[in-house]
Amino acid sequence: MLTKEPFKPENFYILAVDDISTNLKLLRVILEPIGYSLTFAKGGHQAIERIKTSKPDLILLDLMMPEMDGLEVCKRLKSDPEYADIPIIFLTASNEQEHMINAFDLGAVDYINKPFKTAELFARIRNHLLLKHTIDELKSTQIELQNALAEVKKLANTDPLTGVLNRRSLFDFAHQEFNRVSRYGPPFSILLMDLDNFKKVNDNYGHQMGDQALCTVVKSIKNTIRNVDFLGRYGGEEFLAILPETYGEQALTLAERIRQMVASNIIKTDKGNLRLSISIGVTSYSIKDQSLDDMILRADKGVYQAKQEGRNKSCLV
């Protein structure tokens, strides 16, 4: 949120750069009494080092200096993303129009001729600090909005309990993969996973423990699949994994690792240790498939076959 606090010089830090000590002392006499914090550099090289160690809010920069003049300092700073946003006001005795044009071309925000009027210096410093402060707050607000939008998008796409993709988002990815593979290949596979006898878990241990069990299963699956795979909640205790560029036998091997991982989990409860098992239907894309539904139907048959064979099995259809 943008603040509406009054302008306070004590909140800002200024670097004054000049090779003449008298000019630096004058700036100190003028600016410090009204609250500005100042640091000084007596040349271009020292200014660059001082900026690196204490990033100022604004730079008052002399143009004509030996070894490295103000234009070169400005050029170096504006070419470095870390310092490019620091406003630079040139203070110079030069009246040459070319110098002024070069200064603005290099990124300076203002140009004040010496000898300057104190009131004018105050006004220009204040205006450019206010502008920088406003821009910084806008950037901060933009970042906050982007983070908020990302969080909203995440909430809209994920299952609130398990943190994996919700059914809508899962099918969005699945349809994209089906369309891609149907045009370009190679095949992909899906795993339809259904926890065995899960109703008994809720009935015997309570829904809170059932929720914990689901999260434990999801963690096991996520630790087994690859980063490129998609995992989502298909239904209450059913999960669907999309495995890009994976053939049937490879998918079956992965399904077996998931099944074994789930079966090895021990969830401690007030009523004793809880063990789970999972039945997995596995299938791969076929050129005969007209839609994603064809694949899911086969995977569902695989789950049914696993249940019929005693559960805690993986079946490739």
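Modeller: Buried means under 20% relative accessible area. The model here is predicted.

Colleague: Why is Y111 called buried?

Modeller: Y111 has a relative accessible area of 6%. The cut-off is under 20%. Y111 therefore counts as buried.

Colleague: And what makes F90 buried?

Modeller: F90 has a relative accessible area of 0%. That value is under 20%, so F90 is buried.

Colleague: How many aromatic pairs does the structure hold?

Modeller: There are 7 aromatic pairs.

Colleague: What makes the pair of F90 and Y111 tilted?

Modeller: The ring centres are 6.4 Å apart, and the planes stand at 40°. Pairing needs centres within 6.5 Å, so F90 and Y111 pair. Stacked needs under 30 degrees and edge-to-face needs over 60.

Colleague: Why is the pair of F173 and F230 called stacked?

Modeller: The planes of F173 and F230 are at 15°, with the ring centres 4.4 Å apart. Stacked means under 30 degrees. So this pair is stacked.

Colleague: Which elements hold F173 and F230?

Modeller: F173 belongs to helix α6, residues 167-184, and F230 to strand β7, residues 230-233. The parts are 57 residues apart in sequence, so this pair ties them together.

Colleague: How do you know that F173 and F230 are partly exposed?

Modeller: F173 has 28% relative accessibility. F230 has 26%.

Colleague: What makes R167 sit over the ring of Y234?

Modeller: The charged end of R167 is 4.5 Å from the ring centre of Y234. The distance cut-off is within 6 Å, with a further limit of within 35 degrees of the ring normal. R167 is listed as sitting over the ring.

Colleague: Which residues of α3 and α4 meet?

Modeller: From α3 come L71, C74, K75 and K78. From α4 come H99, N102, A103 and L106.

Colleague: Why does H99 count as buried?

Modeller: H99 has 14% relative accessibility. That is under 20%, so H99 counts as buried. Leaving aside neighbours within four places in sequence, H99 contacts L63, M64, L71, S94 and Y111.

Colleague: What makes α6 and α10 roughly perpendicular?

Modeller: The axes of α6 and helix α10 (residues 292-308) come within 10 Å and cross at roughly 110°. Roughly perpendicular covers 65 to 115 degrees, so α6 and α10 are roughly perpendicular. F171, A174, H175 and F178 in α6 meet L292, M295 and I296 in α10.

Colleague: How do you know that I135 is partly exposed?

Modeller: I135 has 37% relative accessibility. That sits between 20% and 50%, so I135 counts as partly exposed. I135 is in helix α5, residues 118-157.

Terms used. Residues numbered from 1 in each chain as written. Predicted model: local features only at pLDDT ≥ 70, side-chain atom pairs only at ≥ 80, totals over all residues. Heavy atoms only, no water. Phe/Tyr/Trp six-rings, centres within 6.5 Å; stacked < 30°, edge-to-face > 60°. Buried < 20%, exposed > 50% of the residue type's maximum accessible area, 1.4 Å probe, protein only. Helix = DSSP H or I, 4+ residues; strand = E, 2+ residues; numbered from the N terminus. Contact = heavy atoms within 4.5 Å. Axes fitted to C-alpha atoms, helices over the stretch in contact; angles between N-to-C directions. Parallel < 35°, antiparallel > 145°, perpendicular 65-115°, else oblique.
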